[in-house]
Amino acid sequence: MAYAQALKKTGVPREVLKWLQSLDLSLSTKNTRRDFSNGYLVAEIFSWYYPEDFPMHSYGNGASLPTKLSNWSQIERFLLKQNIRLPQDVIDGTIHCKPGAAELLIQDIYSLLTNRRVRTLGDDEVDFTDRRYQDNLPMVARATASKAIKNNLRLSEVIAEPSIDANKQKIQGIIRMHLQRRQAERAEDPKRFNMKPTLGALAVRLPPPAQGWKEPPVIKPSAKMSPVTSTSNAIVQFKEINVRQTDKPSVLSNVDMPFAN
């Protein structure tokens with residue numbers, strides 16, 4: 001395999017790949033995710049710098065989940081003893097062959113052991129999902145919700161984590177990410193999805209006033225105002241009307257008078 005082809009296939013920076021080749025490892029890195037998932041090559045890399053702490057006969061080069069967990073358990077004990085820290089999410093992503101996890105792990109180990117900084121390290125955001133792969137596909141070829149769960153949740157993760165609630169939370173997070181991607185696709189190409197603007201989108205938006213919102217003035221009730229109108233903004237005034245009484249005697253008074261003889 002040519003050097004340029006190996007660089008393109010592994011997805012590892014050039015200087016890191018040259019460093020790996022200089023270590024003369026027992027296995028050539030053809031598939032980074034698969035080759036580094038069981039931790040055997042990681043232990044072999046550390047054995048070049050700490051030969052007494054990494055007896056290679058204690059590590060197995062198998063693909064089963066118990067072998068992976070056993071190897072990484074020994075590696076993590078050594079890292080804790082030497083006060084060397086590697087991100088736990090990167091280790092878990094490497095064990096379960098998540099996209100970009102093994103590549104980022106190799107770069108972290110290279111920086112720790114050689115005290116050199118990789119130029120591409122941390123330049124791009126890595127979330128260990130197939131988001132980049134899905135973004136490069138046309139819309140008709142992108143994954144559905146069930147396919148997104150299958151791509152981003154490995155069987156080894158379900159076996160390693162027996163808690164049903166924890167697996168449910170992972171599935172809900174994957175579905176939430178899938179729905180957000182779908183909403184972005186509809187906003188990007190609304191004609192394809194026959195999206196019609198809502199009344200709120202069609203409404204005219206007036207800019208807010210420059211001075212900001214002010215409270216309306218409080219109206220104090222006057223003495224002539226009714227107490228009912230003091231709690232409202234409307235002012236109601238009452239005018240007194242004088243009614244003039246007539247001088248004619250009433251009917252009742254005529255009934256009470258005695259009849260004349």
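This note walks through a predicted model, point by point.

1. Ground rules. In this predicted model, local features need pLDDT of at least 70, side-chain atom pairs count only at pLDDT 80 or more, and totals for chains, interfaces and linings use all residues. Residues are numbered from 1 along each chain as its sequence is written, and side-chain values use heavy atoms, with hydrogens and water left out.

2. Overall make-up. The protein chain has 13 helices and 0 strands. Helices (H or I, at least four residues) and strands (E, at least two) are DSSP runs, numbered from the N terminus. Of the 261 residues in the chain, 32% are buried. Buried means under 20% relative accessible area, exposed means over 50%, and partly exposed lies in between (1.4 Å probe, protein chains only). Take the contacts between residues at least 6 apart in sequence: 52% of them join residues at least 24 apart. Contact means heavy atoms within 4.5 Å.

3. The core. The largest nonpolar core holds 34 residues. Such a core is a set of buried Ala, Val, Leu, Ile, Met, Phe, Trp, Tyr and Cys residues joined through side-chain atoms within 4.5 Å. Trp 19, Ile 45 and Ile 109 have the most contacts inside this core. Two or more residues come from each of α2 (14-22), α4 (40-49), α5 (65-81), α6 (88-95) and α7 (101-114). Helix α7 gives the largest share, 8 residues.

4. Ile 109 up close. Leave aside its neighbours within four places in sequence. Ile 109 is then in contact with Trp 19, Val 42, Ile 45, Phe 46 and Leu 86.

5. A helix pair. Helix α9 (residues 145-152) packs against helix α11 (residues 164-188) at about 125°, with axes 9 Å apart. Axes are lines fitted to C-alpha atoms, for helices over the stretch in contact, and angles run from 0 to 180 degrees between N-to-C directions. That angle makes α9 oblique to α11. The classes are: under 35 degrees roughly parallel, over 145 roughly antiparallel, 65 to 115 roughly perpendicular, and the rest oblique. From α9, the contact uses Ala 145, Ala 148, Ile 149 and Asn 152; from α11, it uses Ile 171, Ile 174, Ile 175, Met 177 and His 178. These residues divide into 7 nonpolar, 2 polar and no charged. Here Ala, Val, Leu, Ile, Met, Phe, Trp, Tyr, Cys and Pro count as nonpolar, Asp, Glu, Lys and Arg as charged, and the others, Gly among them, as polar.

6. Positive phi angles. Cys 97 is not a glycine, yet its phi is positive, about 60°. Cys 97 sits in the loop between α6 and α7. Its relative accessible area is 23%, so Cys 97 is partly exposed. Asn 115 also has a positive phi, near 55°, in a residue other than glycine. Asn 115 is in the loop between α7 and α8 (131-136). At 72% relative accessibility, Asn 115 counts as exposed.

7. Gln 74. This residue is found in helix α5. Gln 74 is buried, with a relative accessible area of 19%. Beyond its neighbours within four places in sequence, Gln 74 is in contact with Ser 58 and Tyr 59.

8. Val 158. Look for Val 158 in helix α10 (residues 155-160). Val 158 counts as partly exposed, at 34% relative accessibility. Not counting residues up to four places away in sequence, Val 158 touches Leu 153 and Asn 167. Val 158 and Lys 170 are 12 residues apart in sequence and 9.9 Å apart in space, C-alpha to C-alpha.
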